[in-house]
Amino acid sequence: MLERELRFSEEEYHRRLRKVKASMDRQGMEVLVVVDPANMNYLTGYDGWSFYVHQGLIIALDRDEPFWFGRAQDSNGARLTTWLSEESILGYPDHYVQSRYTHTMRYVADKIAEEGWDRRRIGVEMDNYWFSARMYRELTEQLPSARFADATSLVAWVKSVKSDVEVTMIRQAAKITEKAMDLAVKMIEPGVAEREVAAAVSAAQIAGVDGYGGDSPAIFPIIPSGQRTSTAHLTFHPERSYQSGDVVLLELGSARCHYHAPLSRTVYLGKVPDDLKKVADVVVAGLSKTLEFIVPGVTAEEVEAYWRSCLAGTGVEKPSRVGYSFGLAYVPDWGEHTVSLRPGDKSVLEPGMTIHFMPGIWLDTYGFECSEPFLVTDSGCEKLVNFPERLFTKEG
């Protein structure tokens with residue numbers, strides 16, 4: 001008998017499952033197929049680097065437990081990391097793995113039919129990194145009497161409001177982020193290889209802090225320098241060393257039990273040019289004012305509009321969204337794909353939501369980033385990471 005390694009209590013998982021089933025019921029879905037690894041983890045605790053093959057959960061309104069399905073050699077991972085009973089763990093034979101002749105969704109469809117659910121309305125995560133056109137085709141062909149519905153964000157919206165124990169994990173991740181960011185800022189100097197900083201930051205993210213360790217985050221440390229800061233999402237250059245006159249962007253997100261705490265800051269090596277100083281001053285001031293504006297009940301688009309009002313007359317513009325919901329995630333993204341702080345998003349901010357306010361500015365030749373992850377509280381919002389909001393400079 002394997003000893004289970006649950007990150008949370010069984011009651012916490014049952015609470016989450018009840019909320020997901022309530023959402024299914026409201027949307028008229030009797031069965032839900034979940035394949036996003038973060039959603040699997042959220043509902044059962046399953047945690048394995050096995051998402052390169054088909055795996056997931058089958059949830060039915062009239063069955064207490066979800067079925068976990070995955071490669072047979074990963075079944076002990078389900079026994080170790082989930083609260084599910086043996087009857088709910090389905091390991092499929094290896095001939096389904098990356099086969100030219102059959103497909104895992106045929107196995108899933110057979111199980112759905114065996115349970116008598118083949119004429120029900122079935123939700124699938126259609127717009128998802130882990131759900132393909134082939135998977136959808138196989139399910140619809142094998143279950144011709146079923147009705148399929150788009151459940152892409154169903155679990156994600158339930159996840160968007162965190163419980164107290166989830167917030168604790170994010171706070172712990174934030175402590176690791178503070179350590180990793182402090183290390184990066186201190187290490188960046190002219191002549192230091194970019195790869196050395198990236199390696200040290202990655203090690204710090206996993207090593208954690210006194211009392212607990214971290215996980216590998218969903219996004220590798222984003223640490224571009226020089227002209228590479230004029231665009232978003234570039235990592236380090238494996239052969240380049242920092243030079244005097246470089247702008248260096250740092251977008252780091254540490255994780256604790258896959259719960260993230262992202263943060264962005266900017267370093268300049270040398271005497272700061274007037275235009276960069278102006279951008280930094282405008283962004284930092286606008287960031288601080290916008291955080292003071294946020295209260296529960298405000299909409300995502302109202303937050304963005306207030307931020308935009310802080311930029312009025314400054315000459316600084318931010319055409320893309322300025323934030324998004326984050327939390328429990330696996331590669332390639334720590335965002336939850338729900339709330340976006342941008343025009344047209346009517347999402348109402350609720351206590352328990354965690355948002356990364358990320359007003360990154362990317363200009364023709366350089367960029368500037370200074371962001372804050374925050375928790376929506378009963379009366380406002382609370383910054384989750386304790387790190388100075390400013391442009392870091394090293395004139396030596």
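How near do the axes of helix α1 and α2 come, and at roughly what angle do they cross? In this predicted model, local features need pLDDT of at least 70 and side-chain atom pairs count only at pLDDT 80 or more, while totals for chains, interfaces and linings use all residues. Residues are numbered from 1 along each chain as its sequence is written, and side-chain values rest on heavy atoms, with hydrogens and water left out.

The axes of α1 (residues 10–26) and α2 come within 7 Å and cross at roughly 120°. Axes here are lines fitted to C-alpha atoms, for helices over the stretch in contact, with angles running from 0 to 180 degrees between N-to-C directions. Helices are DSSP runs of H or I with at least four residues, strands are runs of E with at least two, and both are numbered from the N terminus. On the α1 side, Y13, R15, R16, L17 and V20 meet N41, Y42, L43 and T44 of α2, contact meaning heavy atoms within 4.5 Å. By class, this contact has five nonpolar, two polar and two charged residues (Ala, Val, Leu, Ile, Met, Phe, Trp, Tyr, Cys and Pro are nonpolar, Asp, Glu, Lys and Arg charged, and the others, Gly among them, polar).

Over at α7 (residues 164–187) and α8 (residues 194–207), the axes come within 9 Å and cross at roughly 160°, which makes α7 roughly antiparallel to α8. The residues in contact are I176, A180, L183, A184 and M187 from α7, with E196, V197, A200, V201, A204 and Q205 from α8. Nine of these are nonpolar, one is polar and one is charged.

As for the rings, the count comes to 16 aromatic pairs (Phe, Tyr and Trp rings, the last by its six-membered ring, with centres within 6.5 Å; planes under 30 degrees apart are stacked, over 60 edge-to-face, and the rest tilted). F8 and Y13 pair edge-to-face, 6.1 Å centre to centre with 75° between the planes. F8 is buried at 10% relative accessible area, and Y13 is buried at 1% (buried is under 20%, exposed over 50%, partly exposed in between, with a 1.4 Å probe and protein chains only).

F51 and Y330 are also edge-to-face, at 5.9 Å and 80°. This pair links distant parts of the chain, 279 residues apart: F51 sits in the loop between α2 (37–44) and β2 (56–60), Y330 in the loop between β9 (323–326) and β10 (335–340). F51 is buried at 13%, and Y330 is buried at 7%. W49, F51, Y129, W130 and Y330 form one aromatic cluster.

Methods: Parallel < 35°, antiparallel > 145°, perpendicular 65-115°, else oblique.
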